[in-house]
Protein chains: 2
Amino acid sequence: MTKEIAYQEYSSTVLETISKGAFLTTNAGGRSNTMTIGWGSIGVMWGLPVFTVLVRKSRYTYELIENSSAFTVSIPLHDMQAALALCGSKSGRDMDKFAAAGLKLQPGQKVSVPVIGGCGLHYECEILYKSAMDPAQLDPAIQKNAYKDGDYHTFYHGKIVACYLDD
Amino acid sequence: MTKEIAYQEYSSTVLETISKGAFLTTNAGGRSNTMTIGWGSIGVMWGLPVFTVLVRKSRYTYELIENSSAFTVSIPLHDMQAALALCGSKSGRDMDKFAAAGLKLQPGQKVSVPVIGGCGLHYECEILYKSAMDPAQLDPAIQKNAYKDGDYHTFYHGKIVACYLDD
């Protein structure tokens, strides 16, 4: 059972929770993968509700999302630390992370990308705009803390086309 | 009197309200200006609370923010439609919009940019990263609806260094 909610209704919960970990799920070419994210934002852009995620170029998720028009974000409303730790440390290039972490996929309601069942809160998003980071425009302290290895993020701004709670 | 709040506490209110208009205030070279915005996002990036705003290159605010390291966003928690309409239709190049709209500036608590007194809710932000839009990465429908004239936005991601309510 899922319950549709307004995209902004749980934004405060999302911001509190995402720092501790959430699941960014993508698929392309018949393969799905999820990764743990700790960053993201919710807003209004182009008059539309938008979820923004950031993905480093080294990630397997980057390969998938670059060949997709959608992504989903699943926010754990209860303790899923073991699964988050696995999905934040292993690459989907090397294993089926869903099986390894005991995660159950549910089909997306509005997009072809699945969500992580049982998380509690899901955002399905269609990519409207993406932007690879330009190091020249970045605060030097952030540069030093987050990008010593030159592995920059790409921003993906996705229109929220479905937002709902599950059991 | 102001009351400090957690940056995410009023995020749902911000998202509901910003579509109807909020004030983006900037200053540089001894001049301040405010403009009405209808878009923006709140999130966590680089492990920090971040408010993202978008400014078109044609705007006077663009001249100022490009020469500044900070901005503020003031969210009207009550009816300020007349002031929002003026600040969304007139340019600070031609007039003192604060005087014309009857807006009272309050000094920023943590940044050198003022906030709009009496709005009810304020975010003071230090710019961490900015990114001029790349039309090649934009959804064609958005391109057509928002940028027929080629007047693209620049994204400004600001660390939220103060967030508070006023009377």
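This is a predicted model: local features need pLDDT of at least 70, side-chain atom pairs count only at pLDDT 80 or more; totals for chains, interfaces and linings use all residues.
**View 1. Overall build of chain A.** Chain A contains five helices and 10 strands, and its C-alpha trace spans about 45 × 40 × 30 Å along the principal axes. For 167 residues a compact globule would have a radius of gyration near 15 Å, and the 15 Å computed for chain A agrees with that expectation. Of the 167 residues of chain A, 47% count as buried. Among the contacts in chain A with a separation of 6 or more, 71% are made by residues 24 or more positions apart.

**View 2. The relation between the two copies.**

**View 3. The side of chain B that touches chain A.** In this interface, 29 residues of chain B are in contact with 29 residues of chain A. At least two residues of this side of chain B are supplied by each of helix 1 (11–18), strand 4 (40–45), strand 5 (48–56), strand 9 (120–132) and helix 5 (140–146) of chain B. Strand 4 of chain B gives the largest share, which amounts to six residues. Sorted by class, the side of chain B that touches chain A has 14 nonpolar, 10 polar and five charged residues.

View 4. Strand 4 (residues 40–45) of chain A and strand 4 of chain B run antiparallel and are joined by five bridges. Within this pairing, A:I42 has B:I42, in strand 4 of chain B, as its bridge partner.

**View 5. Strand 6 of chain B and its two neighbouring strands.** Strand 6 (residues 70–76) of chain B is largely enclosed by the rest of the structure, because seven of its seven residues are buried. B:A70, B:T72, B:S74 and B:P76 point one way from the strand, whereas B:F71, B:V73 and B:I75 point the other way, and all of these residues are buried. Strand 6 of chain B pairs in the antiparallel sense with strand 2 (residues 22–28) of chain B over three bridges, and in that region B:F23 stands opposite B:S74. Strand 6 of chain B also pairs with strand 9 of chain B, again in the antiparallel sense, over seven bridges; here B:I75 stands opposite B:L121 of strand 9.

**View 6. The surroundings of A:S74.** A:S74 lies in strand 6 (residues 70–76) of chain A. When residues up to four places away in sequence are left out, A:S74 touches A:A22, A:F23, A:T25, A:V115, A:I116, A:C119 and A:H122. A:T26 is 48 residues from A:S74 along the chain, and the C-alpha atoms of these two residues are separated by 11 Å.

Key: Residues are numbered from 1 along each chain as its sequence is written. Chains are lettered from A and ligands numbered from 1 in the order in which they are written. Two residues are in contact if their C-beta atoms, placed from the backbone, lie within 7 Å. Helices (H or I, at least four residues) and strands (E, at least two) are DSSP runs, numbered from the N terminus. Ala, Val, Leu, Ile, Met, Phe, Trp, Tyr, Cys and Pro count as nonpolar, Asp, Glu, Lys and Arg as charged, and the others, Gly among them, as polar. Two strands pair if DSSP finds at least two bridges between them. A residue is buried if 20 or more other C-beta atoms lie within 10 Å of its own, exposed if 12 or fewer, and partly exposed in between; C-beta atoms are placed from the backbone. The radius of gyration is taken over C-alpha atoms; the globule rule is 2.2 Å times the number of residues to the power 0.38.
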